[in-house]
Amino acid sequence: MTLAENANRPNYQQVVDQLYQTSDFDFVGIALQSAQPPHQITWQYVAGNQSEQFRNIVLRSGIGIAGLVVRTGKPFWKNALRATS
């Protein structure tokens, strides 16, 4: 990657921090799937965490929110998950 290409790349941590500060979310994160087998999905960029324990979490493809995002290729935006409708 050249310096010019790197300069045009978004700073994902900055985007996550800005979203966390301007929204009413307790946790904002971007989980990415590894390019190497076994293609684990882990949190790479986060804001709002109280500890570094999230780094030990391996999200399972096909299960839960991470599975939904990987299957559909669309981001998941949901606030107030416990709110009843």
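This report describes a predicted model of one chain, from its overall build to a few residues of helix 3.

## Basis of the model

The model is predicted: local features need pLDDT of at least 70, side-chain atom pairs count only at pLDDT 80 or more, and totals for chains, interfaces and linings use all residues. Residues are numbered from 1 along each chain as its sequence is written, and side-chain values use heavy atoms, without hydrogens and water.

## Confidence

The chain has a mean pLDDT (the predictor's confidence in each residue, from 0 to 100) of 78. A value of 70 or more is reached by 78% of its residues. Confidence is lowest in helix 1 (residues 3-8), with a mean of 59. Helix 2 (residues 12-22) is highest, at 92.

## Overall build

The chain holds 3 helices and 3 strands. These are DSSP runs, numbered from the N terminus: helices are H or I with at least four residues, strands E with at least two. Their order along the sequence is α-α-β-β-β-α.

Of the 85 residues, 13% are buried. Buried means under 20% relative accessible area, exposed over 50%, and partly exposed in between (1.4 Å probe, protein chains only).

## Helix 3

Helix 3 spans residues 64-72 and includes Leu 68. Leu 68 is partly exposed, at 34% relative accessible area.

Val 70 also lies in helix 3. Val 70 is partly exposed too, at 35%. The C-alpha atoms of Val 70 and Arg 60 are 9.8 Å apart. Along the chain, these two residues are separated by 10 residues.
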